[in-house]
Amino acid sequence: MPASSSLPLPVARWRAFSLASPAAFCRAMSRIVPALWALSVLLAIAGLYVGFVVAPTDATQGEAYRIIYIHVPAAWLSMVLYVAMAFWAVLGWAWKVRMASVLAQAIAPTGALFTVLALWTGACWGKPTWGTWWVWDARLTSELILLFLYVGFMALAASFEELRRADAASALLALVGVVNVPIIYFSVKWWNTLHQGASVSLTAAPKMASTMLTAMLLMTLACWAYAFAAVFARAMAAVIERDGRFHMFFCYRQATDYRRNRARTYRIGYAWSDDLRSWTRDDALAGIDPSEDGWDSEMVAYPHVFELDGAIYMYY
């Protein structure tokens, strides 16, 4: 949706904490996010090709081992993203930096996604190697607890109407939950577990062929690029500033009968605020409704609003 007036152009120099401003953050990320999406796709294609076509078959596990090219990067990201989420949540809570809290809430769904992916691929790997989909192993159990922490963080943040209380409560939970991350990482060393030890370490030579290592590193970089793109895009969609007022676009649906009744399915809503604390909702000003026919005639959802070259656009 084109803008009726242009946003002020960014100052052509770096200033400390400049990205703490939602407007500056959105302007910067609108140029970075598309490149990150493209980079994640290219790296994933390269990593999957090397891992599934070029890399040799494992002498012990056969072809089943190839799931590590998805499982291991997902497990790494699930832990790192939780620490990042806790860091930004505590920073936003302690120093009242709203953009930090927005980032923490944007990280949570992506971290939860990687945790689910790690658990699912781990189960698929465990069946041919251990003979079972799941065991209450220290590594698996602590990873499952990590998923519960992500879900709890998101649920707690959404349970308060007042943003400051939501930020404080969710930050406290995230901070307490950080203790689970070293438990996940060191569980294979502290306890006798079925889960194998690390194949890649900063203090020792890799325990795999160079092509296997290359594929894993490419997939790890692909996951990193995806994580950055998803988090930044979600943070940008949360709030954008224009003419001294903050604007939020979001999707919503009715609680019941939304699958069969088009009038009750997903729509794009809108709210505005002058201080990022008190919001006024007016969905009629969202400026977009389902089309008469075509792919977006049944529902419209997942808005991503950004500024580029003085105009405001929405992807949905």
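Ser 170 lies in helix H5, which covers residues 163-177, and a helix here is a DSSP run of H or I with at least four residues, a strand is a run of E with at least two, and both are numbered from the N terminus. Ser 170 is buried, with a relative accessible area of 2%, where buried means under 20% relative accessible area, exposed means over 50%, and partly exposed is in between, using a 1.4 Å probe and protein chains only. If we leave out residues up to four places away in sequence, Ser 170 touches Phe 153, Leu 156 and Ala 157, and contact means heavy atoms within 4.5 Å.

Before I go on, please keep in mind that this is a predicted model, in which local features need pLDDT of at least 70 and side-chain atom pairs count only at pLDDT 80 or more, while totals for chains, interfaces and linings use all residues. Residues are numbered from 1 along each chain as its sequence is written, and side-chain values use heavy atoms, with hydrogens and water left out.

Is Val 176 buried or exposed? At 54% relative accessibility, Val 176 counts as exposed. Val 176 and Leu 149 are 27 residues apart in sequence, and their C-alpha atoms are 9.6 Å apart in space.

Now for the chain as a whole. Its secondary structure comes to seven helices and six strands, and if you read along the sequence, the pattern is α-α-α-α-α-α-α-β-β-β-β-β-β. The chain has 316 residues, of which buried residues make up 43%. Of the contacts with a separation of 6 or more, 66% are between residues 24 or more positions apart.

Next, the helix pairs. Two packed helices are described by the angle between their axes and the distance between the axes. The axes are lines fitted to C-alpha atoms, for helices over the stretch in contact, and the angles run from 0 to 180 degrees between N-to-C directions.

Helix H2, residues 68-95, packs with helix H6, residues 180-190, at an angle of about 160°, and their axes are 10 Å apart. That makes H2 roughly antiparallel to H6, because angles over 145 degrees count as roughly antiparallel, under 35 as roughly parallel, 65 to 115 as roughly perpendicular and the rest as oblique. The crossing of H2 and H6 is left-handed, a term used if the near helix is turned anticlockwise from the far one by less than a right angle, with right-handed used if it is clockwise. Which residues meet across this pair? Met 79, Tyr 82 and Val 83 in H2 meet Val 181, Ile 184 and Tyr 185 in H6.

H2 also has helix H4, residues 138-158, as a partner, and the two axes come within 11 Å and cross at roughly 35°. H2 passes H4 in a left-handed crossing. The residues of H2 that meet H4 include Met 79 and Tyr 82, and those on the H4 side include Leu 149 and Phe 153.

That leaves H4 with H6, whose axes come within 8 Å and cross at roughly 160°. H4 and H6 are therefore roughly antiparallel to each other, and their crossing is left-handed. On the H4 side the contact is made by residues including Leu 146 and Leu 149, and on the H6 side by residues including Ile 184 and Tyr 185.

Another buried residue is Thr 110, with a relative accessible area of 2%, and its place is in helix H3, residues 98-130. Leaving aside neighbours within four places in sequence, Thr 110 is in contact with Leu 81, Tyr 226, Ala 227, Ala 230, Val 231 and Arg 234.

I will finish with charged pairs and cysteines. Side chains of opposite charge can pair when their charged atoms come close. How many salt bridges does the structure hold? The structure holds two salt bridges, each being a side-chain nitrogen of Lys or Arg within 4 Å of a carboxyl oxygen of Asp or Glu. One joins Arg 66 and Glu 63 at 2.5 Å, N to O; Arg 66 is buried at 7%, whereas Glu 63 is partly exposed at 48%. In the other, Asp 283 and Arg 281 meet at 2.8 Å, N to O, and Asp 283 is partly exposed, with a relative accessible area of 24%.

As for disulfides, the count comes to zero, where a disulfide is a pair of cysteine sulfur atoms within 2.5 Å. Cys 124 is partly exposed at 26% relative accessible area, and Cys 223 is buried at 12%.
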